[in-house]
Amino acid sequence: MQDCVWTHARIAPQGDPNHVIDQGAIAVCAGKVAWIGSFDDLPASYLDLPRHDVGGKWITPSLIDCHTHLVYGGNRADEFAQRLAGVSYEEIARKGGGIVSTVTQTRAASEEELYAQSAARLRNLITEGVGVVEIKSGYGLDLESERKILRVARRLGRDLPVTIYTTFLGAHALPPEYKGRADDYITLVCNSMLPALHDEGLVDAVDVFCENIGFTLAQSERVFAKAAELGLPVKMHAEQLSNLGGTQLAARVQALSTDHLEDLDEAGVLAMKAAGTTAVLLPGAFYFLREKQLPPLDLLRKHGVPVALATDCNPGTSPATSLLLMLNMACTLFRMTVPEVLRGVTGNAARALGQSSKHGSLEAGRTADFAIWDVATLAELAYRMGGNPCSAVVYNGKLVNP
């Protein structure tokens, strides 16, 4: 790995367009940021290193997609067409569609087939400057299929220039074979699936879909208790379609994040603030489902809850592999500002993963993961709808080709 200095750059070390180093430079040694600042202040010890002149382009930390379901089998494009033609979701589900369709396709796919499909999706993210991705399970809903999903996620992190964090989401939906027996399924999740997958080193965190069409507060709490027993951090899909109080439950156990949050109330926001829980907003799902209820951004701002953004890449409600498009959607749909959305895919996204000490900013001692942007202003990252202004990706200090 060659040590070098990146020069002639406009650097936003935290991804914040209001904090910029003009005529900046980054010295990289052994794959880490050794020094960052104005080129005029470059220490003499780095002056003789090879240089990469970026020609006045922007540099930010690698972007972070902190909520995805990226590993799954098949797709549901035909269901999308049916819904547009007037077929109800219930009718599609009765015919074996909906999440059951994805579970069926994921269970049937080989590990190699899942890997090939998922790698293509992941490469789309990497080429847009994404260097960290969270991948959830949850489309297997039995031990062997959940294991297969998480094994693929780990392999993607080994093979591609990206850091992967895995989340076990066995409590995503009720599998067909457990229809009417949700408590029994949660027993399987807690007593069999989660311990086995944790023992195999496949789980970094645990998630639950707490919702009227998902799992109850009591069932979610059982999963959280098991995660705590195993020493695993937790997060929650909460308050997307209704307000069950999931966010307050998650905050009581110091969840890393609660995600979606369209129906979140002020009591939930205050609980998040007290617990240090990050809000993860998912504009792709909001758009795709044509939701009307906006997440309470003003309350989150008022009480100082950090807000992250993610693609929620999944086949049913957000078939998105562009984090940059999510920036535009968050600005237009949620009325977020450019600095807010950029923090949402850098520092705040790192918080949502419990990885603020490793990702989300460029500073001495951290891994040299960054993106180089051919733009006049960082506002273009949220302004564009289509196209890719990322001209280069650096991972572990090296230029990479996804």
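Keep in mind that the model is predicted.

**Helix α5 and its neighbours**

Let's start with helix α5, which runs over residues 143-159. Its 17 residues reach 24 Å from first C-alpha to last, close to the 24 Å expected at 1.5 Å a residue.

Two packed helices are described by the angle between their axes and the distance between the axes.

| Helix pair | Crossing angle | Axis distance |
|---|---|---|
| α4 and α5 | roughly 50° | within 10 Å |
| α5 and α6 | about 30° | 10 Å |
| α6 and α7 | roughly 20° | within 10 Å |

Take α4 and α5, with axes that cross at roughly 50°. That angle makes α4 oblique to α5, and the crossing is right-handed. On the α4 side, Glu111, Glu112, Leu114, Tyr115, Ser118, Ala119 and Leu122 meet Lys148, Arg151, Val152, Arg155, Leu156 and Asp159 of α5. Sorted by class, this contact has six nonpolar, one polar and six charged residues.

Now for α5 and α6, which pack at about 30°. Angles under 35 degrees count as roughly parallel, so α5 and α6 are roughly parallel to each other. This crossing is right-handed too. Leu143, Glu146, Arg147 and Leu150 of α5 make the contact with Ser192, Met193, Ala196 and Leu197 of α6. The classes here are five nonpolar, one polar and two charged residues.

**On to α6 and α7**

Helix α6 covers residues 182-199, and helix α7 covers residues 217-230. Their axes cross at roughly 20°, and α6 and α7 are therefore roughly parallel to each other. Again the crossing is right-handed. From α6, the contact uses Ala182, Asp183, Ile186, Thr187, Val189, Cys190, Leu194, Pro195 and His198, while α7 brings Gln219, Arg222, Val223, Lys226, Ala227 and Leu230. By class, that comes to nine nonpolar, three polar and three charged residues.

**Helix α12**

Most of α12 is covered, with nine of its twelve residues buried. Those nine are Leu323, Leu324, Met326, Leu327, Asn328, Met329, Ala330, Cys331 and Phe334.

**Two residues with positive phi**

Most residues other than glycine have a negative phi. Two residues here go the other way. Just after α12 comes Arg335, with a positive phi of about 65°. Arg335 is in the loop between α12 and α13 (338-344). The other residue is Glu239, whose phi is near 50°. Glu239 lies in the loop between β10 (234-238) and α8 (246-252).

Which of the two is buried and which is exposed? Glu239 counts as buried because its relative accessibility is 1%. Arg335, at 59% relative accessibility, counts as exposed.

Conventions: Residues are numbered from 1 along each chain as its sequence is written. This is a predicted model: local features need pLDDT of at least 70, side-chain atom pairs count only at pLDDT 80 or more; totals for chains, interfaces and linings use all residues. Side-chain values use heavy atoms; hydrogens and water are left out. Buried means under 20% relative accessible area, exposed over 50%, partly exposed in between (1.4 Å probe, protein chains only). Helices (H or I, at least four residues) and strands (E, at least two) are DSSP runs, numbered from the N terminus. Axes are lines fitted to C-alpha atoms, for helices over the stretch in contact, and angles run from 0 to 180 degrees between N-to-C directions. Angles under 35 degrees count as roughly parallel, over 145 as roughly antiparallel, 65 to 115 as roughly perpendicular and the rest as oblique. A crossing is left-handed if the near helix is turned anticlockwise from the far one by less than a right angle, and right-handed if clockwise. Contact means heavy atoms within 4.5 Å. Ala, Val, Leu, Ile, Met, Phe, Trp, Tyr, Cys and Pro count as nonpolar, Asp, Glu, Lys and Arg as charged, and the others, Gly among them, as polar. The expected span of a helix is 1.5 Å times one less than its number of residues.
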